[in-house]
Amino acid sequence: MIKLYDNGVYIADGKTIIEDNGNAEKELMALKGKSISKAEASENTMAYGILNKHNTSGTMDKLKIRFDAMASHDITYVGIIQTARASGLEKFPMPYVLTNCHNSLCAVGGTINEDDHLFGLSCAKKYGGIYVPAHQAVIHQYMREMMSGVGKMILGSDSHTRYGALGTMAMGEGGPELVKQLLNKTYDIDRPQVIAVYLTGKPEDGVGPQDVALAIIGAVFNNGYVKNKVMEFVGDGISNLSVDYRNGIDVMTTETTCLSSVWRTDSKVKEWYDIHGRSEAYKEQNPGEIAYYDGLIYVDLSTIKPMIAMPFHPSNIYTIEDLNANLMDILDEVEKSGAKQLDNDTIKFSLKEKVKNGKLTVEQGVIAGCAGGTYENICDAADIIKGNSIGAGEFALSVYPSSQPVFLSLVENGKIADVMMSGATVRSAFCGPCFGAGDVPANNCLSIRHSTRNFPNREGSKITSGQIASVALMDARSIAATAINKGVITAATDLDVNYTKPKYFFNGDVYKNRCYDGYGKADPSVELRFGPNITDWPAMSHLTDDILLKVVSVIKDPVTTTDELIPSGETSSYRSNPLKLAEFALSRKDPAYVGKAKEVQTAEKARLDGKNPVEAYGELESVVGAIKAEFADFDINKTGIGSTIYAVKPGDGSAREQAASCQKVLGGWANIAKEYATKRYRSNLINWGMLPFIFEDEIPFEKDDYIFVPEIRKAIEDKKSGIPAYIVKGGRLVPFTLKMGDITDDERKIILAGCLINFYAE
C-alpha cells in the first residue's frame, strides 16, 4: 500500500525514482547522460523554489520568510491583533483574512462570541483587512477559493493551513508568528528537509481523500518520517485525482507533523482557478529535471482501501475491512490504548458494547469542515444516500458544506435535497464538529466524522465531568454508506454506486454581497469595538538571572496534544480574555494544575511587589535554605519564581498559542520535554517567553519538586546548549543538565525580554 524509503532519492523527469544508495550517480548517468550533485538537485524541488522566492535572509540555510497573505479565525485573531497593537501596529501590510468559523455559535458566555466578531470587523476597517462573517465559509475553504495561488506562501493561525494542492505553500503557526508578519518582521527557520510523496495509480470508486490521507498518516506519524519537513507531492497518480480530492488529502498532512506541503500543478488546477475567476493565480509548477529529496513515501492509490482512524488519534488506523474481520480483537486493543491515554479511573471507555449482531454500530455521523465539507465529498455522499433513509433510531447524520458558494452549488444541483430527504440535517459552514463545539454526541457514544482530528474531547465531551464520547475518522463516502446502513460501519466500496460527478459552479457574488474587503483601504479614524470580554495581556516579567521552578504537572503519555494543554470546545469563547481562559489550562488532563500554578505564582507576585516571596509562599523557606547552602550569594528576591510542566512530547495538534500563553499567564517559566511534537508549539513557548527545555533521559525529578537554574539569563545570552540545573530535594541539590536546542538570535532576545510583546515594545 505505502512504502517509505530508507534513503534520500533523486526523481528524474518527475517520474523515475533513483534511491541514493551508492549507485545513484551511475543510474543517473545511464538515464540522463549526466550527473548532478545532491546539493544542486535539492534546489530543483518545488519547495526550494518557493522558499527561495520568499526568503529575505540572503542565505537558504537560515530562512527569513515574508508571506503573501495570512488568515486567522475568531478563536485567534483577537489575541493576535491585540498583541500587534501593543507592539506598534499601524496597518495590515499584506492581505489578512479574518474568518468567523469557530466561535460561530453565539451561545456560550452570552454576547462574547459576537463581540469578538464586531471587534474583528472594526479591525478590518481600521487596519485594512478582509472580514468573512460567521457561516460564510470555514477558514481554509475561503483561503482556497479566494487567496491561494501557485507559488505563493500563506501563513495561518490554524494548524490546518494547507493549500499545497493548489500549488501554494501554507503553514499553520501560533499567533505570535502572525504578529511578526504584521509588524513587517520575518518567519525565521532553518531550511527544512523535503520529502517526496510519490502518488501512482488511481483510487477505487468509493475510496475518498480521507482514506488516502489516513493511510499516509498511519505510515509516518509514529516514526516522525516527515516531522517539521515539507511534503512534496509528485507522480503520475496526481493526474488521476480531482482538485477537491487533492485538497482533501493535503489538508490532512498537518496530522503527519510536517511543516508544510506543496503539489505539482496541471490542467485540472488551471481549470479550478478558472472556475473561481482567478486564472491569473495559476501557473504550471513541477520539480526540476532531476530533483533530490531527503526521503520518499511511495503510495499506490489503487491499493488504498476505505480506512478508519479509531480513537484517539488520526494515526490509529485500520482498514474497515480489517476492522470488521477482526472486530473484537481490534476493539480490545483500542479500548486498552484509549484507557491508558485517558488516564482516568472514574471513566469507562468501552467500544465492544457497541457490537450488535457481530457488527460495530455508531450513533452519529458528521461530514464537515475543511476536510469533509468540500463539494465533491458531499456530492459523492449524496449519490450514496439518495433514495435511502438514515432511519428513526439513534443514528444521526449532519452535513456542513465548507462555504456558502459550495452550499449554493449543491442547492442548485439538487444534492442538498437528496441529503435532506434521507433524514440527515444540513448546516451552514462551521468548524465546530472538528474541535468539540458542535454535534456533541451523547455520553458513551461513538461518532464517525470526516473532519481532521479525533483527539480526546474533540467531540465535546468532558471527561472530568464524568462524560465520555469518542470519534473515529472516516471518509465521507463510507460515512454515507454507514448512514444508509443505520449506523453499522460500512465501507463505501461494499456498495454499487453511480457517482454522478456534477460540474461545480462557483458564484463569487455570495462573498461580494456579504464579506468586507478592506485590504489597502486602512482607515485610522475607525474606532475599535471592544466587548467586555476582550482584555489586554497582563504584564510579563523579563527573564531574571536565576530562576526557581516548581514542577506542577508531570505527563508521561507518549504524546500530549494542545487540546490537553488547553481544551477546545466551549472554552474557545474565552480566547479573548487571557486570565479567564487560563482557568481551563490542563483542565481535562490535570485538573489540579491551575491551582498549583497559582500557588507558586503568589510568590512571584510578592517578589515583583517588593515583598518577601517566602512569607507569601511558606514552602519556599526550606527550598531557599537548601540553595543557599551551596550558593551563598543566592537572593530569592532577585530570582524569578514560577512553575513548569514536564511532558514527554507536548504540542501535537492545533497551532493555538494559548497552549503556551495560558501557562505563562499562570506564572509558567518553562516546559521540559524529551522532544516537542511540533515546531509551532515550541515557537509558541518561545514567543511567550517560556524556556523550551529538553531532557532526553528518564526524568530525575518528580511532581512538586523544585528545580533551580542559576545563571539562566547568561546561558541564553552565551548561546549555551547545555544548561546546569539542580533539583532541590531532601534539603540538598541534585545536579543535572537541561538542553535548549537551536534557537535563533531573535528568539533568544524574545526569551530574555519575557515575551514577544515586551521584545517589540522595547
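Which residues point one way from β12, and which the other way? Val230, Glu232 and Val234 point one way, Met231 and Phe233 point the other way, and all are buried, where buried means under 20% relative accessible area, exposed over 50% and partly exposed in between, with a 1.4 Å probe and protein chains only.

## Basis of the model

This is a predicted model, in which local features need pLDDT of at least 70, side-chain atom pairs count only at pLDDT 80 or more, and totals for chains, interfaces and linings use all residues. Residues are numbered from 1 along each chain as its sequence is written, and side-chain values use heavy atoms, with hydrogens and water left out.

## Strand β12 and its partners

Strands (E, at least two residues) and helices (H or I, at least four) are DSSP runs, numbered from the N terminus. β12 pairs in the parallel sense with strand β11 (residues 194-200) over 5 bridges; two strands pair if DSSP finds at least two bridges between them. Within this pairing, Val194 stands opposite Val230 in β12. The chain passes from β11 through helix α8 (residues 209-220) to β12 in a right-handed β-α-β crossover. A crossover is right-handed if, with the strands pointing away from the viewer, the path from the first strand over the helix to the second runs clockwise.

Strand β13 (residues 260-263) runs parallel to β12 and is joined to it by 4 bridges. Phe233 stands opposite Trp263 in β13. A right-handed β-α-β unit is formed by β12, helix α9 (residues 243-251) and β13.

## Helix α18

Helix α18 (residues 476-484) is mostly covered, with 9 of its 9 residues buried. Among them are the charged-side-chain position Arg477 and the residues Ser478 and Thr482. The elements covering the buried residues of α18 include α8, α11 (320-325), β20 (364-367), α14, β21 (396-399) and β23 (446-450); this cover is judged by contact, meaning heavy atoms within 4.5 Å. Just after α18, Lys486 takes a positive phi of about 60 degrees.

## Cavities

The structure holds 7 cavities of 30 Å³ or more. On a 1 Å grid over the protein atoms alone, a cavity is a set of points where a 1.4 Å probe fits but cannot get out, whereas a pocket is an open set with protein on both sides within 12 Å along at least five of seven lines; lining residues have an atom within 4 Å of a point. Grid points are joined across faces, edges and corners, and a volume is the space filled by probe spheres set on the points.

The largest cavity has a volume of about 240 Å³. Its lining comprises 24 residues, of which His73, His102, Asp158, His160 and Arg458 lie nearest the centre. α6 (139-146), α13 (369-372) and α17 (432-435) each supply at least two lining residues. By class, this lining has 8 nonpolar, 11 polar and 5 charged residues; Ala, Val, Leu, Ile, Met, Phe, Trp, Tyr, Cys and Pro count as nonpolar, Asp, Glu, Lys and Arg as charged, and the others, Gly among them, as polar. The second largest cavity holds about 60 Å³. Its lining includes Met171, Glu173, Asn228, Cys258 and Lys679, and divides into 3 nonpolar, 4 polar and 3 charged residues. β9 (169-172) and α26 (679-687) each supply at least two residues of that lining.

The largest pocket contains about 900 Å³ of space. Of its 29 lining residues, Asp190, Asn228, Lys679, Arg682 and Asp742 are the closest to its centre. β4 (62-65), β10 (187-190), α26 and α28 (745-753) each supply at least two lining residues, and the lining divides into 7 nonpolar, 6 polar and 16 charged residues.

The second largest pocket has a volume of about 760 Å³. Among its 31 lining residues, Ser242, Val243, Asp244, Glu376 and Lys501 are the closest to its centre. Two or more lining residues come from each of α6, α9, α10 (267-275) and α14 (375-385). This lining divides into 13 nonpolar, 6 polar and 12 charged residues.

## Ala522

Ala522 is found in the loop between β25 (516-517) and β26 (547-555). At 32% relative accessibility, Ala522 counts as partly exposed. Leaving aside neighbours within four places in sequence, Ala522 is in contact with Lys91, Lys125, Lys126, Tyr127 and Gly128. The C-alpha atoms of Ala522 and Phe505, 17 residues apart along the chain, are separated by 33 Å.
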